[in-house]
Amino acid sequence: MVKTFFLFAAMALLGCSSQEQPSLKIVANSWIGYSPLFYAKANGWLEPLNIKLSTVVSLGESMHIYEYSGLDAFTGTQYEYHQVHQKNPNLIPVIMFDRSNGGDVVMSNRSEKSLRETADPINVYLEINSVNQLVFKDFVKRHKLQDKTFNYINGDQLKIVSELKNNLDPGPSIVVTYVPYNHSLEKSGFTTLASTRDGLDLLVLDALYTTKDTFKLHNEQFKQLKSLIDRAIYDLENHPKQFYERVKPYLENNTYDEFLSSLEDIVWLNNELDPKLVERLDEALFPTRDLL
Amino acid sequence: MLSIHHFVITAIVAIITLFYSVFFYHFLKDQQQKTDLIMESIRHDTSETAYIISTEMQGIESIRSFKSLLNRKVASSPLITNMVVSLGNKILIKTDAAITTIPPGKRTLSTLNNIPTSKLLEQRVFESDIDFFMQDKPAKLRLFTYVDHKYISNYFSQNQMNYLLFFGLFPMLGLGLLWLILRNYITTPLESLRLFAYSQEKRPKPFKLKELEYVRSSMEETFQRLEHEKKELYRLARTDSLSGLANRSQLNERLSWLISEASRENSEFAIVFIDLDNFKVVNDSLGHDIGDELLKNVADLIHHVLREYDIIARVGGDEFVIVLSHYKTNFELTHIIQRIIDRISELHIIESHPIRVSASIGVAFYPQDGTDITGLMKSADIAMYEAKKLGKNQFKFFTKALHQQVLKEIELEHSMRKAIKNNEFELFYQPKMSTDGHQVVGAEALIRWIHPQKGIIPPNDFIPAAEKNGLMVELGEWILQTVVQQQIEWKTSGLADIQLSVNLSVVQFLDDHFDDKFERIIIQSGIDPQKLDIEMTESVFLENSLKNLSSLNNIRDLGVSISLDDFGTGYSSLAYLKALPIDTLKIDKSFMDDFNNETGSIFIETIVKLAHTLKLHVVAEGIETQDQINYLVKIGCNTYQGYYCSPPLPVDQFEAFLRLTDYGCGEDRE
């Protein structure tokens, strides 16, 4: 009788344990480099792994929501990484997406010469708390605009695009943006003055970040996610049109041509990293040890 | 009346019922509180979003700028999966590209207050209005908030699981454990105490609880004492306090049992009534103490003479009763009784007084002399008084005929022992003749007792007694030895080298050493084994057939032939002929007497044909006429023996017969 009781108790307690993988919540912003994530979500690949992907408009939001909404991982550049890492030293990059190769751009409704000559304050639209800030500083330095008066206007990319679209004469303005928002701005009369492909000597990397504890807890999910990203990039390289159709809504409904053009502005880093790049990442205090 | 076991179970069930009623009430309340909190969060996100859009939207074309707001709301709230803003049925902004149409009205809920848990769990979309102005006209957008149904379900499931685990399973296990503890430490011990008190059969093991253990050990001690006292009382009630023997009560009890058993098994037993002669004189002259000591002495010596399983009881002052059930013959029984008489009549030294007493014994048998205790005791008592009347210091059977028979058997045994010692036994030989040439082909050795006074006593008068009293083994060995020596002697002297037959009794086969003795005689004597024939009857196979068959095979292995005597008169069975190592069939005289009638001749011819078929020799016994011999020749029987040729003859006459007949007799004899 006693044995039966303890056997029943053990079975009852074992029966209470859950076998389902814990939910892995990721937040990502609309960026061509994260399109493999959107592709995976659109194809329903994430649900079996119990991975939930939330999309936001801007880089800063992604970081902010990660920090304050209890999510497990977020996407961003090395700038966002350092920002969060200062507060949480356990943060590590786990999946590398891409390197911006023209994807981050500085645009203006004036020419470079016009900007240099104007005495009016220049409106600078950007996400203050993001890599935009670095890009803009580099731009100012390289184009010797330090003496100009800048009127910083902080906003997410969608809001910036929307505002500039509605404001027919915003005055001399600079927008620090990235693919795919640059295409909308081009339609509003903005031209690219500099990008990470040329004119800017800036390394901009995009990756997925999480804490060491979360990485350990969701290790299998992260590994499978990495596989899905590789598979998505494979699909992109082999069937770009189909890929585009899937991720279009996540990339503000750019045209296919714009999509293809955007792809020219990034370099995928899902495979083995170039040693020179690793060296440069080390110098930038960007750890690569835990990368999948 | 409620048992403790049931009481504990009832109490635990009552506790469980009460506990789970409270628990269930609290659970429902908690569920609703959680539902309210979830709804408040959803309501807050929905209303805030609607308010921001309503107040900050500059025109319908600027709605897209609020997508980031929606995304932020969705990303930051685990309860919300999607948000959609529509104008009429047209989706303006959405957080999930997969959503292409607004949800139908029946799937949405615009009330966000007082939602029960069940409603929350089935509701997927909540709807809210966003008021704004298109120029100066009021208009409405619709905000759809998609809740994370899986998350909410999991949340409530997890909550339920936690409740079940911490308020359901653990308390249940705890109560189960409590029940086990109460059962093992209280109810089971109490139940075992109850059973122990009721039957005292299964003694409980020591308990863990002090008070219960006190009760158990007290009960155990009390029951042990009571048991001891009961046994002592029982013993006293059944035992004679002076001699330590069984008393009349125990005697009656054991006799009853014995009568039942004997009745069932159809067996007999003897009840022996002993009365000391002149005991009153001892008591009167030397005092009761000496008398008592003498009785103890007598009880001891009776006890020593008898075996453990015999019943001995003291039923009166100087009266003892013995019940003997395991004796083989009356002869053995009388030996036991005589031994008791002899021991009692020995000199007793009691407290330095030499005392000589004797005993008179009466013997009665179940069922001949009585079938109940009273009848048997009465018969034994009468026989005892008969013994006293006849001069004391002797025993007497209740049945006169039996008494005479026993006395005769005893006398016969004595005489036979004496006869063996005095060589009064002698072997006679009856020739076995061939029917064709009337040649002597062998002889059968037949024992005769030459009594000094009674003359020749036929074997039928003493062989059964010898088989009964055990002398047959000794006698049989003497016969075998003598025959073997005789055969060698005749052979050596040149008189005859014929085969001699010896009759073996079934009793000889019962002797464990028979095989060894037989082999030793054959080997040591140097006789040609083929000159020896063993005659035996079918009775050898009625008991211990396997052992006897083994002995017969040993005999055959030595080269000695075997004849089946008196064939057809006993329990003849063809199975015997098949199984036994037989060389010769002997047709009994009773068959030969009827040779000249149809029925008789059929039997004889059948036996002869059977023997021929089985390749056995046939010897016809009891041949007295030439007609019988002619008949034997006709049916192909080659050998006979009988008075026609010669009766059994003493050795010297048989030798003379051999010389005179020159190994022949019958029509051709001179």
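Two strands are said to pair if DSSP finds at least two bridges between them, and in this predicted model strand E3 (residues 73–77) and strand E10 (residues 205–211) of chain A do so in the antiparallel sense, over five bridges. Both strands belong to an open sheet of six strands in chain A, whose pairing is mixed.

**The six-stranded sheet of chain A**

- The strands of this open sheet follow the order E2-E1-E3-E10-E4-E11, and the twist from one strand to the next averages 30°.
- Strand E2 (51–56) and strand E11 (266–268) stand at the edges with a single partner strand each, so one side of each is left without a neighbour in the sheet.
- Within the antiparallel pair formed by E3(A) and E10(A), A:Ala73 stands opposite A:Thr210, which belongs to E10(A).
- Strands of a sheet pair through backbone hydrogen bonds, in either a parallel or an antiparallel sense.

**Helices across the strands of chain A**

- Helix H3 (residues 59–68) of chain A lies across strand E1 (24–29), E2, E3, strand E4 (91–100) and E10 of that chain, and its direction makes an angle of about 145° with E3(A).
- Helix H4 (residues 78–87) of chain A lies across E3, E4 and E10 of chain A, running at about 125° to E3(A).

- Five of the five residues of strand E6 (residues 122–126) of chain A are buried, that is, under 20% relative accessible area, so the strand is largely enclosed by the rest of the structure.
- Both faces of E6(A) are covered, with A:Ile122, A:Val124 and A:Leu126 buried on one side and A:Asn123 and A:Tyr125 buried on the other.
- E6(A) pairs in the parallel sense with strand E7 (residues 150–154) of chain A over five bridges, and the bridge partner of A:Val124 in E7(A) is A:Tyr152.
- Together with helix H6 (residues 131–142) of chain A, strands E6(A) and E7(A) make a right-handed β-α-β unit.
- E6(A) is also joined by three bridges to strand E8 (residues 173–178) of chain A, and these two strands run parallel, with A:Asn123 standing opposite A:Ser173 in E8(A).

**Chain B as a whole**

- Chain B has 21 helices and 21 strands, and buried residues make up 48% of its 670 residues.
- Among contacts in chain B between residues at least 6 apart in sequence, 64% join residues that are at least 24 apart.

Definitions and conventions:
Residues are numbered from 1 along each chain as its sequence is written. Chains are lettered from A and ligands numbered from 1 in the order in which they are written. This is a predicted model: local features need pLDDT of at least 70, side-chain atom pairs count only at pLDDT 80 or more; totals for chains, interfaces and linings use all residues. Side-chain values use heavy atoms; hydrogens and water are left out. Helices (H or I, at least four residues) and strands (E, at least two) are DSSP runs, numbered from the N terminus. Axes are lines fitted to C-alpha atoms, for helices over the stretch in contact, and angles run from 0 to 180 degrees between N-to-C directions. Contact means heavy atoms within 4.5 Å. Buried means under 20% relative accessible area, exposed over 50%, partly exposed in between (1.4 Å probe, protein chains only). A crossover is right-handed if, with the strands pointing away from the viewer, the path from the first strand over the helix to the second runs clockwise.
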